[in-house]
Structures are given as structure tokens and as C-alpha cells.
Amino acid sequence: MITFERVTKRYDKRNRPALQDISVGIQPGEFVFLVGASGSGKSTFLRLILREERATTGKVIVAGRDVGKLSRWKVPQLRRGMGAVFQDFRLLSSKTVYQNVAFTLQVLGRKNSQIERAVPEVLDLVGLADKMQRYPDQLSGGEQQRVAIARAFVNRPPLLLADEPTGNLDPATSVGIMKLLDRINRVGTTVIMATHDAAIVDQMRKRVIELEAGQLVRDEARGVYGQDHQP
Amino acid sequence: MKLRFVLSETFQGLRRNLTMTFAVIITVAVTLTLFGAGLLVRAQVDSMKDYWYDRVEVSIFLCGASSPEPSCSLGAITPEVRTQIETELNALRPLVQDIYYESKEEAYQHFLEQFRDSPITQNVTADALPESFRVKLSDPTKYEVIAAAFAGRPGVEQVQDQRQLLDRFFKLLNGLQVIALSVAAAMLAVTALLVINTIRVAAHARRREVGIMRLVGASNFMIRMPFLLEAAVSAAVGGLLAVGAIVAGKVFLIDKVLAPSYRFTAFVSWEQVLLILPIVFLTGIVIAMVAAALTLRRYLKV
């Protein structure tokens, strides 16, 4: 699904690279935690996959395509194959829950009939079928993140990227979000989630990739967050 | 579906930016009206040139009994000299297309006709007006040939090229046109800057939408089209106002006021006006869209 081949990303010449010589592969259907302290390069890792940034050296291959070599007008097509969720939800406050989710399909030029079918379906999946006509500020943080996940997933992309999706949520709510991401993963979606929520990582027992100061320091199949696990 | 979404985004944008939208509309309307006026003056000069250059003549005024010019020191021209001049003019064909002799009496009749309502006619007699040859040239720009042959020779008081008189007038009109077009050019620049700013504000106001659109893989077309259409719609409305102003100018100023008062000359025709209108209208839209597109390249990078 995703392959990093000796990827280094430098934002500027003076500082150390945000990512240094990373080589890693992620298979279709995997659930991967990306852990590490702030500034360890987790977000950069995700941004390279999204092609918001390009690798300084090395190759990032997503679904068989070298995203660094992708011409600019093909980038939208790449992004249609992945959903993204962020710590700050990024919902449109002037639109209802339904409209927020429908927005994705509208900007992709989908037919109305398709939108009217797909949106309630995905809102049902995230457990918000009864709140379709609410506005984001009428929802709790956990509910807002569910809307964001619904929006990212309504197009049924094979890959879901989540950058600290539980960063703004209390532990109980976080568990709900994790259950939802797990459910999405179980239907075959590859999920990559950057986090520094140790409790969640320990509980889920999924593959853990740990970054430290831009270097890959650990890649375990059923890992824990692991302060005691330093190499 | 795509189209409806783009249009609804466009009109949302126009509504949200209402004050800026009005600013763009008014600027475009004023600019394009000036631009159109400049083009109309040019068309006016062209149609007057066509009209007048067909009619202009070189006049060779002949000496009267009291002409002060040194070439007239011998007094009034004799019939022999006059015949001699006519023969020489005939020798200059085909440059000389037509020769017409105007006697004192005919000159007086023309004079009376021209100044019908003026008291000056009472003080002028046929004797005070010079007899002349009116020469029509096949190429009106070759006036020099006639001037060289006849100016200053005995019996000729003066050689006058009507075209030169007209040219002075055309220069004035050309000056007006240059001023109108320069002001229009400056205004077009202002319009472009205003559009750039408007689009920048609009892009900033909608940065969240745009960010999400990029994230979910909306095409550049989908992201930019609403902004481009916003600029185009404002420019089109402004353009329509300008078109209305130009048509009103033709109907109320030219057809109702100028043409009846100055019957001796031609004014711009509807044909010429209709040729100018689409140029004016499209110029506004093109400038607005180009300005918007350049702005978006900078502010909406993928």
C-alpha cells in the first residue's frame, strides 16, 4: 500500500531533517500507530503520503505511484484515494453535519442520488444518524470528530490517515473514536494514525512505528507505546 | 451536479463579499465606459476622415484687384493667365482628378448660403471675394505637388489645402482619444488590482473550505472555478452597465443632440457602435478573469 524508500525530508538547510533515511512498508488492510514525541516527524510522515510535502531525497510510493513524481494536476486524484482526519476536526461551521459530509462528494462532482444514499449510510456507521441536521458547534468534541471521520470515509477510500485524532478528546470519548477507526480498519481500510496517547496504543496492540528526532527507532508488529522500550 | 455546485459556491461568494462585489462592478462599469468612449472617438475620427477626405479640395485663390500678396503686384488676374493656370492643372492629370472654376459671383452665392443668418452678408459684395480653382486630387496627401507648382506665382494669391485645416481638427480629436484611452488604461490597471484584492479576500475568507476541498481531492477546476466565476460575473455586470451607458450616449448625445446640430458631418453609426460593444464587454471579463487566475495561482497552491 505504502512504501518509504530511504526517505529524507528537510524543511530547511540549517536544522536537522524532519525525517531522516526512513524505509518502511505498510501493507493493505494494516492498522499502524505512528508514535513519537512532538517534533519527531509523525506529521511530516503523513504529509508526505498526502503529497502536501515532497521528500527531499528517497521515494514515497502510495498504491504503486511515486507521489514525489506525481504532476500537480494528478495530486487531486491521489488524494481521492485517501481520507484524512485531524486533531482540530476541520469542519465547516456554516454547514450542517449532513452538508459537511456531503461536501466531499459534491466537490468530487458526484450525483445527487449517490450523495443522498452515501451520506446517511456513513453517518449511520459513525453513530450520528440522528444528528444529521445539527451544526458542528451543537456537537461534542467526540461527535465532531466522528463527523470528520465520516467525511473522510464517505468516499470509501482504501487508506485513512489520522493525525492525533484523539488529541483534543477525553479518554472515554477517545475509546469511542478508536472503536470506530478499528471498525473502519476491519472492513479492509488501511489506517495510519499518528498519536502520543500511550493508553490507546497499549490497548489496541497494533503495529507501532516509532519515530524519534526524525529517525525510525522501532517497528513492532503488536507493539505498545513503550517508554521502557527504547532501543 | 458539478455545475450547480460551482454556481451555488459562486453566488455564495458574491453575496458574502457584497461590498467588494459592488466596488468591482462600479469600477468595471466606469472603466469600460471610458474605454468605449475612447474607441468611439476613434471611430468618429475614422468616419469623419472618410467623409471629409472624399470632399476636400485644394483651393487656388486667384488675385483680385486689391490683393496684398507680392505675387499680386500686377493687380487682378487676367483671363490669359487664368487660362494658362487651367492648362497647367490639366497637364497634372491623373493626380488632378477634377478642376472646377469658381467665379466671384459663385463664391458670393456660396458665401451667402453659408452665412445665411449672419449680418456679415450685408457688408460683403461679390467683388470682395476671390475667384478660385477648386482642385480635387486623386490622392489627397499629394498636396505638395500643387503647392510647388502654383504657390507664389504671379496671379495666384494663395494655395490652400483644406485637408490641412481638417488635420488640425483631427489632431484635436486624436488628442481627446489618447486622453480617454490613457485614462481607461489606468482604470483598467486599477480594476485589475481591485479584482486581485477581492479574490485574495475571498480566498482568505474561504480558506477552510479550500483546505478541505484540497484534502478530499477536489480538482483544481472545482476549487478555482467559483473564484473565477465570481470575478467574471462582477465584470459582466459592470460590462453590461458600460454597454448601457455607451448605447445611451449614442441615442441621447449623438443621435438626439449632436447629429441634428451639426448636419454637415457624419457621426459614428450604429454599425460602429455595435462593433465596439462586444470588445468593451469582453475586455472587462477577460481582464477580471486573468487577474483572478493570477491571484489564485499565488494563493491557492496545491
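1. Basis. Because this is a predicted model, local features need pLDDT of at least 70 and side-chain atom pairs count only at pLDDT 80 or more, whereas totals for chains, interfaces and linings use all residues. Residues are numbered from 1 along each chain as its sequence is written, and chains are lettered from A and ligands numbered from 1 in the order in which they are written.

2. Chain A overall. Chain A holds seven helices and ten strands, these being DSSP runs numbered from the N terminus (helices H or I, at least four residues; strands E, at least two). Its radius of gyration is 18 Å, close to the 17 Å that the globule rule gives for 231 residues, so chain A is as compact as a globular protein of that length; the radius is taken over C-alpha atoms, and the rule is 2.2 Å times the number of residues to the power 0.38.

3. Strand β3(A). Five of the five residues of this strand (residues 31-35) are buried, so β3(A) is largely enclosed by the rest of the structure. Phe31(A), Phe33(A) and Val35(A) point one way, while Val32(A) and Leu34(A) point the other. The strand runs parallel to β8(A) (residues 190-195), with five bridges, and parallel to β9(A) (residues 207-212), with four; strands pair if DSSP finds at least two bridges between them. Phe31(A) has Val191(A) as its bridge partner in β8(A), and Val32(A) stands opposite Arg207(A) in β9(A).

4. Helix α4(A). The buried residues of α4(A) include Ile115(A), Val119(A), Val122(A) and Leu123(A). Seen down the helix axis, the buried residues fall within an arc of 100°, so they line one face; the arc is that of the directions from the axis to the C-beta atoms. Turned away from that buried side are the exposed residues Ser113(A), Gln114(A) and Arg117(A).

5. Contact between chains. Chain A contributes 19 residues and chain B 16 residues, contact meaning that C-beta atoms, placed from the backbone, lie within 7 Å. On the side of chain A that touches chain B, α2(A) gives the most, with five residues.

How values were computed
Buried ≥ 20, exposed ≤ 12 C-beta atoms within 10 Å, placed from the backbone. Contact = placed C-beta atoms within 7 Å.
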